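Please examine the structure below with its sequence at hand. The paragraphs that follow consider a few residues in turn.

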Amino acid sequence: MTKTAVLTVRRATEADLPAIVAMLADDPLGATRETPEDLTPYRTAFARIDGDPHQHLVVAERAGRTIGTLQLTLVPGLSRAGSTRAIIEAVRVHADGRGSGLGSELIRWAVERARELGADLVQLTSDATRTDAHRFYERLGFTPSHLGFKMTLRR
């Protein structure tokens, strides 16, 4: 039996951008929309995220190596009697760590952090083509309760 190193989840820094963007690009959907060779737009986005107290961009590290990431966003609202929602977005696990339980650890971390930050509800979306991800989220207690819509405004 092999003991795995402890997982550390911490706030991302600008120095983490190459690893984060590489993970975002390392799947069929991300490969068509991410540009890891040019970090300029990601640096601009990182500055906006880092300056917003409702945004929590994190990386997961094990044995000093970045192996996962996600963004947790708090959205205060009037609906549900003034509830605050936490949105989990851009969940990625390095190819080497997929199937190891890391994704479950990351999502559990995000749910607990949302609870600590006062959220009343945690939600996420997943591309309709990611059926394995849908089963994964359901195993973690999420229910497929809504149909999502989006409209691209630029690109």
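This is a predicted model: local features need pLDDT of at least 70, side-chain atom pairs count only at pLDDT 80 or more; totals for chains, interfaces and linings use all residues.

Residues are numbered from 1 along each chain as its sequence is written, and side-chain values use heavy atoms, leaving out hydrogens and water.

Ala 90 belongs to strand β4, residues 84-93; helices (H or I, at least four residues) and strands (E, at least two) are DSSP runs, numbered from the N terminus. The phi of Ala 90 is near 55°, a positive value in a residue other than glycine. Most residues other than glycine have a negative phi. Ala 81, in helix α4 (residues 79-82), also has a positive phi, near 60°. Its relative accessible area is 84%, so Ala 81 is exposed.

Helix α5 spans residues 102-116 and contains Ser 104. Is Ser 104 buried or exposed? Ser 104 counts as buried because its relative accessibility is 18%. Leaving aside residues up to four places away in sequence, Ser 104 touches Phe 136 and Leu 140, where contact means heavy atoms within 4.5 Å.

Arg 115 also lies in helix α5, but with 53% relative accessibility it counts as exposed. Its side chain makes a polar contact with the side chain of Glu 112 at 3.0 Å. A polar contact is a pair of N or O atoms within 3.5 Å; within protein, one must be able to donate a hydrogen and the other to accept it, and residues adjacent in sequence count only if both atoms are side-chain atoms.

Notes:
Buried means under 20% relative accessible area, exposed over 50%, partly exposed in between (1.4 Å probe, protein chains only).
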